[in-house]
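Here's a quick look around one protein model, written for someone meeting it for the first time. Have the sequence and the 3D view open as you read.

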Amino acid sequence: MKPNSGTLVINIMNGGKAEAYEGVYQCTARNERGAAISNNIVIRPSRSPLWTKEKLEPNHVREGDSLVLHCRPPVGLPPPIIFWMDNAFQRLPQSERVSQGLNGDLYFSNVQPEDTREDYICYARFNHTQTIQQKQPISVKVFSMDSLNDTIAANLSDTDIYGAKPVTERQPVLLTPTGSTSTKVELRGNVLLLECIAAGLPTPVIRWIKEGGELPANRTFFENFKKTLKIIDVSEADSGNYKCIARNTLGSVHHVISVTVKAAPYWITAPRNLVLSPGEDGTLICRANGNPKPSISWLANGVPIAIAPEDPSRKVDGDTIIFSHVQERSSAVYQCNASNEYGYLLANAFVNVLAEPPRILTPANKLYQVIADSPALLDCAYFGSPKPEIEWFKGVKGSILRGNEYIFHDNGTLEIPVAQKNSAGTYTCVARNELGKIQNDVQLEIKDPTMIIKQPEYKVIQRYGQVSFECIIKHDSTLLPTVTWLKDNDELPDDERFLVGKDNLTIMNVTDKDDGTYTCIVNTTLDSVSASAVLTVVARPNPPFDLELTGQLERSIDLSWIPGDENNSPITNFVIEYEDALHEPGVWHYQTEVPGTQTTVQLKLSPYVNYSFRVIAVNKIGRSQPSEPSEQYLTKSASPDENPANVQGIGSEPDNLVITWEPLKGFQSNGPGLQYKVSWRQKDVDDEWTSVIVANVSKYIVSGTPTFVPYEVKVQALNDLGYAPEPSEVIGHSGEDLPMVAPGNVQVHVINSTLAKVHWDPVPLKTVRGHLQGYKVYYWKVQSLSRRSRRHIEKKILTFRGNKTFGMLPGLEPYSSYKLNVRVVNGKGEGPASPDKVFKTPEGVPSSPSFLKITNPTLDSLTLEWGSPTHPNGVLTSYTLKFQPINNTHELGPLVEIRIPANESSLILKNLNYSTRYKFYFNAQTSVGSGSQITEEAVTIMDEAGILRPAVGAGKGYSEILFATSPVMHTVRPTFYKVQPLYPRIRNVTTAAAETYANISWEYEGPDHANFYVEYRVAGSKEDWKKEIVNGSRSFFVLKGLTPGTAYKVRVGAEGLSGFRSSEDVFETGPAMASRQVDIATQGWFIGLMCAVALLILILLIVCFIRRNKGGKYPVKEKEDAHADPEIQPMKEDDGTFGEYSDAEDHKPLKKGSRTPSDRTVKKEDSDDSLVDYGEGVNGQFNEDGSFIGQYSGKKEKEPAEGNESSEAPSPVNAMNSFV
């Protein structure tokens, strides 16, 4: 025996005989609880005995008789495998006539002469000993009837009448089994083999049936040419009568085999181990079946229960042992033995009487992870005696789990059929019996299912293209998915053309082998999903093949072919082409085409053509390569079927007729010796046809014809076999000559300054001497009547088709002199010109002046210069100038019109308003009317002294204007018209930045009451613009809360004007000041300095108070008294803007907006009260709220004014608006 094992090893490799160990063995395992025994194990040595020597006589058999060659192998253990071979160790062929039986014998249903041989050898192979035994060769000699009759005839006299009968056919006779009936017994579960071998001539055919039933399906097989019926895994239901029927043409024979299926014992209920606690009851059941029915016997610890130690708690009742109120001493191993004549069954059952408190075998805090909406199984493996009761709880203080949403298994497992997200948590398993209680916690996590949110889709791709399959997944963030691609449920080919990406599969340079189903499989530790798509690779079809010509006739032939592979794209049609090896070798022509479902076609043929055909397949992708050419087929010659086409008769010279035609193609000639018969005669003249036969050319020239005479022409084809059908006639003409006369009575009617109409009389048709194509009108400009300067003459030509006798001449220049003539045109050319006709065009309106320049702007005048029109189109009579002012709010002032003599080229406009924009409109006139105008704008300069002299209309944007060259003054005083500015704009965005804030100011031109906003962001960043709304319509804003030392971009926009913003400006805030480590307010020197300053201020206040009481004034007060301005607008303290201020005397409101120049600058001239005096010029400082630091005042020189209206000069306060 092996150490620590119950295995018994018998080794005879080092000596000893196997026979010494032959016998029946049984294993017994024993401990203090009992003894278990194994089934009987039978050991028998294998045997491969030799054949007994015997003398074998040769077998002499008459042809057609049956024969059985017996093998009779020696009895071995296990039985040998039998087969027949010859001396060359080749298996003897077997058939329905010759076959080997189940017993190893070789059966001949009827012998034939070819069965004669001397080496029929039976072999027995003993697999267990790996040996083969050979029987002595058996000789068989078959005598045919013909040879037997020859032998008998040689040994008998001629007077004897005797002869062997010829081979006769015989009815079937069973060689095995013998008789009409037999029996067969087989055990349940084994293979049933039934055999029938019959003799007869012809060779009988075997058929099997089951009387009163059907052969079992799926378990029935026929072997040895249906001579053997094989039924596997037989059962009692397979018992019955099986009939084999042997039949040939002469009759039949049958045999009935009665099959009985017996059964060794088999389990119905095998005894199972019992675990009982003291005082419990239990049963052991041992039930078996078989045929015959087995007997049941019990053993206890390997001893028959009848002689085993008595146990009062045990009672045997046939196949059942009943236990009542067991005690611990009742523990034992019981054996159940079920036996009949065909075998036995033995089973051990352990009855263990235990008293054990519950134990849970599942590890504590085991983690279960489950995909949502799938079952969750939570284990609670337990042990205990008595059997514990299992309860499940969820959560720390959860109640016992009950209801249909849970399934409780006998082994303690809790099943949640459909786990949801709320199913996650801690579950507690409690096991309890009479001896105690124990619990265990497990954890359940619910994961989101893995999904393919974009599956691969069906793709159709052309060969050598590129295709991509997508597989985009969604999965639980705590699970790590792996994506695998398969092709036809197998791994992807090891090919660098397959590129697997994160969420796609790309196949480069697709080939036909890539066709198939591609599957994306996504696996996690908990679930797996997949999606598939089919890739169809399409290409042009393969060329057809196996072209065959059939049904050859003189004018038709049948062509058939086999289509090539369509490459996944159906063939739509086939194109048939032909080659004429006789006339155009190597050139293929289109013949016809047929649908893709057709593989044969009848083709029409022409005579005298050596045909070859080829076929091209077409699908949606394209055309295949042509097929290999078919065999050649030469058609017989015939006379032509058709005549040349496109016959024409056209003369090339006035005295000839050129007859041309389109020659027949080679295959149209229908035979050798192609020629043409050309015929002609003059039309409408009683002449005979003139004919000539020419070679295979395409034209013939007839000379000596009259000029332009109609002819009837025809061309007929002929060859060596005859003429084509009679051709049709065509009408031609002999050659043309130039026309002889010019059109007469040419008249011109001038319609307007740019259009004239010309008339002429037609020429007689006889003088045309050709086909009339029309008339040409030559016309040209001689000179301009307004300039008298000659220039290069450029003739223009207008052609009027057909027999037209008038035409229109467009595009003439006004006030010009023209000449024209008319000529008739035929196919040869132009005839003589008519006499030149002179006509003149009237005046027209001039073009716009060539230029308008405005120069020398002053405070109240502008100089205008212009050039005369490029095309005056007549005599200029005057110029017209119109102009009007445009104020800062884009209102149009009154329109002033001035008439200027035509000989002037400049004009000085005087008495204009200063710093005012004017728009000018300028055009020229002739006696016909005004020409197109040219426009320009200009601005007078700003008043240098800041004072505008009063003028008529002052205060309304215009005054009376003086013109240096105008003899008439036109003064109009209409009201202003409100117009939308052409280009509203925000410009001159300026910034003044401090450490954490910046003052933003801008200038605006556009509609009133615009609501502004400021947008800003850090320069160089991609963050969104931050937006700040500006209160009111003021033009400055303070950005607060900025980061020190940072560059910003800023822009200004107006609400309601879509997309209307200023250009961007960049500024940078000041660096952050480092905080001081020492508090300056606590320093002695600082306290002393502050005290000194306070003392000085107190002294100054006392001095000022004394001086005021004495009538003195401090500097600012002096300036205010000296230049008191009732219209000064003080700044409001709340927002730093300038409010409106009314004079105490006249209470006139001041107009909003400044009267600054358009460039928004303030000039320092005579005023001593400019901002430069008070705020360091244009670099004046501002408080954080935008108000100006420094003194300010207004200065105004009063001058007489008409009425209550006044003209105001821009004060420093008004100028202030350009800074804020």
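## A salt bridge to start with

Which side chain meets that of D641 in a salt bridge? It's R555, at 3.1 Å from N to O; a salt bridge here is a side-chain nitrogen of Lys or Arg within 4 Å of a carboxyl oxygen of Asp or Glu. D641 sits in the loop between β56 (633–634) and β57 (645–650) and R555 in the loop between β50 (545–550) and β51 (556–562), so the pair ties together parts 86 residues apart in sequence. D641 is partly exposed, at 41% relative accessible area, and so is R555, at 37% (buried is under 20%, exposed over 50%, partly exposed in between, with a 1.4 Å probe and protein chains only).

## How to read this model

This is a predicted model: local features need pLDDT of at least 70 and side-chain atom pairs pLDDT 80 or more, while totals for chains, interfaces and linings use all residues. Residues are numbered from 1 along each chain as its sequence is written, and side-chain values use heavy atoms, leaving out hydrogens and water.

The structure holds 30 salt bridges. One of them joins D115 and R97 at 2.6 Å, N to O. Both ends are buried: D115 has a relative accessible area of 6% and R97 has 16%.

R623 and E577 also pair up, at 3.8 Å from N to O. Here R623 is partly exposed at 39%, whereas E577 is buried at 11%.

## A glutamate without a partner

E579 is buried yet has no salt bridge.

How values were computed:
Lys, Arg positive; Asp, Glu negative; His and termini not counted. Helix = DSSP H or I, 4+ residues; strand = E, 2+ residues; numbered from the N terminus.
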